[in-house]
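These are my notebook entries on one structure. I set out to look up its charged pairs, its core and its surface.

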Amino acid sequence: MERSFPNHEKNTIGTSRIELSALGMGCWAYGGGSYWGSQAQRDVNDIVNHALDQGLSCFDTAEVYNNGASEESLGIALKGRRHQAVIGSKVSTSNVKPQTLRQHCEASLRRLGTDYIDIYMLHWPVNPKAICIFLTALRLSPALPVWKRPSAPWQS
């Protein structure tokens, strides 16, 4: 018996108009690569289209997944249906300096075959300095409070 994902289960992100399905799909394996091995684009197309048909709209990828092949593969699979999807992509913390962030974002946009990324995030490892540089580069905040890493239990 085939089950469908209820189309009405969506959540709005904060005060934005972005509505996420309650369940999202990670796209790390899309595009194959040395870690995952080869993967047929036809399979990616089928799973992405089936997910959209069932009401799943959130897709998570990153510039580093298979050296950008994940973004490319997802973009191909979303052809003609981009308006139904919420794409979250991630930039590596080493690429958040103002002189490089725009280049990396534009490269992700080209690979995805779209003119916008719904949710652009920092990829692991995240640290306070990377967050501050990222937000400053995006002109969202000139400064962030200093965060302290909590001590691990064995450091007490």
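Which residue forms a salt bridge with R81, and how far apart are the closest N and O atoms? I worked on a predicted model throughout. I found that the partner of R81 is D53, with the closest N and O atoms 2.9 Å apart. The pair links distant parts of the chain, 28 residues apart: D53 belongs to helix α1, and R81 to the loop between α2 and β5. I then looked up accessibility. D53 is partly exposed, at a relative accessible area of 49%, whereas R81 has 15% and counts as buried.

Entry on the other salt bridges. I noted that the structure holds 6 of them. One of these joins the side chains of D60 and K90, at 2.6 Å from N to O. This pair also links distant parts of the chain, since strand β4 holds D60 and strand β5 holds K90, 30 residues apart. K90 is buried because its relative accessibility of 9% is under 20%; D60, at 24%, is partly exposed.

I next examined E106 and R102, whose side chains meet in a salt bridge of 3.6 Å, N to O. Both residues lie in helix α3, 4 residues apart, which is about one turn of the helix. R102 is exposed at 61%, and E106 is partly exposed at 34%.

Entry on the core. I asked which residues touch the most other members of the largest nonpolar core. Among its 25 residues, these are Y30, V48, F59, L74, L78, V91 and F134. The elements that contribute two or more residues are α1, α2, β5, α3, β6 and α4. Helix α1 gives the most, with 4 residues. For L74, I listed contacts beyond its neighbours within four places in sequence: C27, Y30, V48, F59, T61, I87 and L112.

Entry on S57. Is this residue, at 2% relative accessibility, buried or exposed? I recorded S57 as buried, although its place is in the loop between α1 and β4. Apart from neighbours within four places in sequence, S57 is in contact with K10, E19, L20, S21, L52, Q84, A85 and V86.

Entry on the surface. I found a nonpolar patch formed by W28, Y35 and W36, with about 380 Å² of accessible area together. I looked up Y35 in particular: this residue sits in the loop between β3 and α1 and is exposed, with a relative accessible area of 60%. For context, I noted that nonpolar side chains tend to be buried together in soluble globular proteins.

How values were computed. Residues numbered from 1 in each chain as written. Predicted model: local features only at pLDDT ≥ 70, side-chain atom pairs only at ≥ 80, totals over all residues. Heavy atoms only, no water. Patch = residues over 30% accessible without salt bridge, like charges linked within 9 Å, V, L, I, M, F, W, Y side chains within 5 Å. Areas by Shrake-Rupley, 256 points an atom, 1.4 Å probe, with all protein chains shown as cover. Salt bridge = Lys/Arg side-chain N within 4 Å of Asp/Glu carboxyl O. Buried < 20%, exposed > 50% of the residue type's maximum accessible area, 1.4 Å probe, protein only. Core = buried A, V, L, I, M, F, W, Y, C linked by side-chain atoms within 4.5 Å. Contact = heavy atoms within 4.5 Å.
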